[in-house]
Amino acid sequence: MDEGEEREESGTGEDATVRILVSLLTDDLDDLHRARRTVAYDRLVLVAHPAAREAAKRVVELERGDDVVRVVEVGGRDARDDLAAMREVLAGHRAAGDEVTLNAAGGTPATVTAAILLAFETGVRTLFVQEGRTERLPVLEGVRVEDRVSTEGRTLLAALHPEQPRSLDDVAAQLGWSRPAVERTCRGLERKGLVALRIVEGRAAVEPTGVGRWLRAHGAGGADPASS
Amino acid sequence: MTTIYGTLGFTPDKFLPTLRQRSDVEAACCFHDDHPDSVEAAREVARYCKDLGVDYASVQVDAFDLVDAAGAMQAEVRDRGPEAADLVFNVTGGTKVLSAAAILVCILEGLRAVYVHEETGREVPLPLLTVRYDRVLTEAERRVLRFIAEHEGEGPDPPGTTQADIRAGLELSKPTVSHHVGKLVDHGVVEEAPDPDDGRRKLLTVIPSARLLLGEPA
């Protein structure tokens, strides 16, 4: 069944936007139930660490099948790994034109950290649903991390090797820029935490940091599902 | 010289690695709640810092109120006024809410954030842009946001201010106010609702956490 048929089947119509609630999950379902009461959704994506597998199964049963629920398993111990997994989930739904709300409460501390980082990276509407209160995080919806980098910065990031430092002279030659222009742009990116400047074999070199690598792959000259 | 901030739970175990792994720490400040174990953990950090000759302060916050805790942390960071490059925030300890509040502050203030890996016990930097997030808003948008935050409680219920109030208060033209309010509503930090007493009026309020964008207490 393709996506158009699924939406008609659910009565939302072919052009209706699908509302996705992405929620972190622990083995205590009360947090999730609060989020489900607070947010209207058509589909639920549960970000679950291994200890929450049984809880995830219960939710699939409650929602009467995995047409409505998708479970994404994360490690729950390393925020960077969890962030990478959640980025893929969000990118897929955005590419499909879905309306996404993220609940950043619940889950392990590492997953909560990852969810909040994702929120500000991508400008997704984000709530923190707790017992007794729901906070909407001060995420500027629609503002993504790549929006805060200049065109020159993004061009330079795209010219970097993802895993190894490149000399500033090589980058200048490739881009057809002057060496001072490369240095100036690199320093700006370094201040933002996107690149690191080093001396390699006696030459000034630059390499992307973790967030710089992500931006390079998703927003700096590469295909960006989030911007479609 | 580095200033280290951190969130504390019942033990200092997740904070101490950040102190150990640096040789240039000048000051440390921990945020914790009023649970006796957290208070004792703060005392342990105080003793550790005293031995090292590091200035130390602890701040009690509500570890279950995200915006309140973030506001207190933000105020402390701004009061001390260190350069972002000289400041590291260990966001590992304490409740999830406390850690989340710390992450929020790091993102908003452009601070370097680290956490201690659960398995390896090693400090790991978080992939944050070290740029103040609130600077994404233009100066004009911040002025309008601040005006709404400061005036939404004035007058009779229901709370809220109007575009007309903003025009008068900030001496801005109708199209300018409409443009900025529209951007803030699109960004999700201002909410617009019809006045129940007069359907022609639209009342503007800020979401509570948006005050963090202004660096003000919630």
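Let me start with Asp169 and Arg179 of chain A, whose side chains form a salt bridge, 2.7 Å from N to O. This is a predicted model, so keep that in mind throughout. As background, side chains of opposite charge can pair when their charged atoms come close. Over all chains, the search of the whole structure gives 27 salt bridges.

Staying with α8(A), what angle does it make with α6(A)? Helix α6 of chain A covers residues 151–159, helix α8 of chain A covers residues 179–191, and they pack at about 95° with their axes 10 Å apart. The range for roughly perpendicular is 65 to 115 degrees, and α6(A) and α8(A) are therefore roughly perpendicular to each other. From α6(A), the contact uses Glu152(A), Gly153(A), Leu156(A) and Leu157(A). From α8(A), Val182(A), Thr185(A), Cys186(A) and Leu189(A) take part. By class, that contact has 5 nonpolar residues, 2 polar and 1 charged.

Now the interface. Chain B puts 37 residues in contact with 34 residues of chain A. The buried area between the two chains is about 3300 Å², and carbon and sulfur atoms give 65% of that. On the chain B side, the residues losing the most area to chain A are Lys96(B), Leu129(B) and Tyr133(B), which together account for 22% of what that side buries.

Arg136(A) and Glu191(B) form a salt bridge across the two chains, with their closest N and O atoms 3.4 Å apart.

Which elements of chain B give two or more residues to the side touching chain A? They are α3 (66–80), α4 (96–109), β6 (123–125), α7 (174–187) and α8 (211–214), all of chain B. The largest share comes from α4(B), with 6 residues. Sorted by class, the side of chain B that touches chain A has 25 nonpolar, 5 polar and 7 charged residues.

Definitions and conventions. Residues numbered from 1 in each chain as written. Chains lettered and ligands numbered in written order. Predicted model: local features only at pLDDT ≥ 70, side-chain atom pairs only at ≥ 80, totals over all residues. Heavy atoms only, no water. Contact = heavy atoms within 4.5 Å. Buried area = accessible area lost by both parts, 1.4 Å probe. Salt bridge = Lys/Arg side-chain N within 4 Å of Asp/Glu carboxyl O. Helix = DSSP H or I, 4+ residues; strand = E, 2+ residues; numbered from the N terminus. Nonpolar A, V, L, I, M, F, W, Y, C, P; charged D, E, K, R; others polar. Axes fitted to C-alpha atoms, helices over the stretch in contact; angles between N-to-C directions. Parallel < 35°, antiparallel > 145°, perpendicular 65-115°, else oblique.
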